[in-house]
Amino acid sequence: MKQKRFFLQEKELPTQWYNIQADMVNKPMPLLNPATREPLKAEDLYPIFAEELCRQELDQTHSYIDIPEPVQEMYRYYRSTPLVRAYGLEKALDTPAHIYFKNESVSPVGSHKLNSAIAQAYYCKQEGVTNVTTETGAGQWGTALSYAAKVFGLEAAVYQVKISYEQKPYRRSMMQVFGAQVTPSPSMSTRAGKDILTANPNYQGSLGTAISEAVELARMTPGCKYTLGSVMSHVSLHQTVIGLEAEKQMEMAGEYPDVVIACFGGGSNFGGIAFPFMKHKMLEGKKTRFIAAEPASCPKLTKGKFEYDFGDETGYTPLLPMFTLGHKFSPANIHAGGLRYHGAGVIVSQLLKDGYMEAVDIEQLDSFRAGCLFARSEGIVPAPESCHAIAATIDEALKCKESGESKVLLFNLSGHGLMDMSAYDQYLAGNLSNYTYNG
Ligand SMILES: *Cc1c(COP(=O)(O)O)cnc(C)c1O
């Protein structure tokens, strides 16, 4: 009997997150205060984020950071997530490659986002915060935060990009079921929103604008903190539970990955699965390859510039040293809403610059073709974001077929697509198109 799924026992679950910054030879460059251009200190971020998260953000010394017991307790509701050998997909591709995926879609909210939402809500509660706010595009982060806030007794206010608010009503319903207040962005409730709406009344919104609104609300409201579901280093830190579990599960499978692959929005699920394995490349010279799969319509890693840029549209955030398409970049309306962000996290940006990882860009139609093949061979409908990782994995598996090599491929299934069936409908009806990025 071939074993298909690998789980850890509760006592084997990670009790610490892995902080790759501590092991990097070239540390990420500092975040800058946009007014003074001075490197930012943790205290400078305290008005926006929970203090412990600010310290984690800038921590370049501790390789491992304890996961608080109440956070571990919440993780035990759905972790470990299964590591699955994708025999069905291997057969469909007729490849000698061994394909594994880590299935983060089994979290209660359907994606990896909950791993960081739980941690962020916990630290806010610890520090006496009463309200949290955030932005959401497709709605996965907003959903995760809404649930985590409820668990720790916080009120959540979510700014949802207007086009998703209108096109993805079920995500909004989910957030409301968890008790959050959801506002379409841009809204008239903030200066940032008002400015954009008065200049352009029909603006359909973007993540950058929604971030500006949420940051403004947090700054103006006592007892309210902002939270972010991607891009920031503390978010990738929390997501390393994925890779730390996967390391042990791959060991149970008796294999070690030659290639680790994840889709890329701001970098948190990529960092989550990749960093624990990348540690061995950095410190022990292991030859593992790491591939970030981004949409061809929003290609900050393959076509962006490495420079200091804002994380939001208005320019409220610190300046971040990152690969970026520019904070005014407005991505095409692809269905992988979680990948429509102009920049990349500062850790991943440095790692790409230093050659520890690679990036590929995937066209929208190729991503859905890959997602359908995966659904038909493994029985799981993947999130449109995750389809990008699957497409990149299929490319690698087909290269193995050509060369006859049986490489071990591991990808992260960041979420399921059960709330995105209208996107699949449009794909199957032939109504989707590719969007080329042209500078
Ligand atoms: C948000 C999201 C992503 C992209 O975010 P990263 O921080 O790049 O991981 C990918 N997949 C799913 C399912 C998401 O919800």
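This is a predicted model: local features need pLDDT of at least 70, side-chain atom pairs count only at pLDDT 80 or more; totals for chains, interfaces and linings use all residues.
Before you start: residues count from 1 along each chain as its sequence is written. Local features need pLDDT of at least 70, side-chain atom pairs count only at pLDDT 80 or more, totals for chains, interfaces and linings use all residues, and side-chain values use heavy atoms, leaving out hydrogens and water.

**Exercise 1.** Work out the strand order of the open sheet of 4 strands, and find its edge strands.

*Solution.* Strands are DSSP E runs of at least two residues and helices are H or I runs of at least four, numbered from the N terminus. Two strands pair if DSSP finds at least two bridges between them.
- Step 1: the order reads β8-β7-β6-β9, with parallel pairing.
- Step 2: β8 (181-185) and β9 (224-226) each pair on one side only, making them the edges.
- Step 3: zoom in on β7 (residues 155-161), which 5 bridges join to β8. Here Tyr159 stands opposite Thr183 in β8.

**Exercise 2.** Describe how domain 1 and domain 2 meet.

*Solution.* The bounds come from an automatic or database domain assignment.
- Step 1: domain 1 is 4-12 + 72-110 + 234-428, and domain 2 is 112-231.
- Step 2: count contacts (heavy atoms within 4.5 Å). You get 36 residues of domain 1 against 39 of domain 2.
- Step 3: look for salt bridges (a Lys or Arg side-chain nitrogen within 4 Å of an Asp or Glu carboxyl oxygen). The count between the domains is 1.
- Step 4: check Lys168 and Asp420, which form a salt bridge with their closest N and O atoms 3.1 Å apart.
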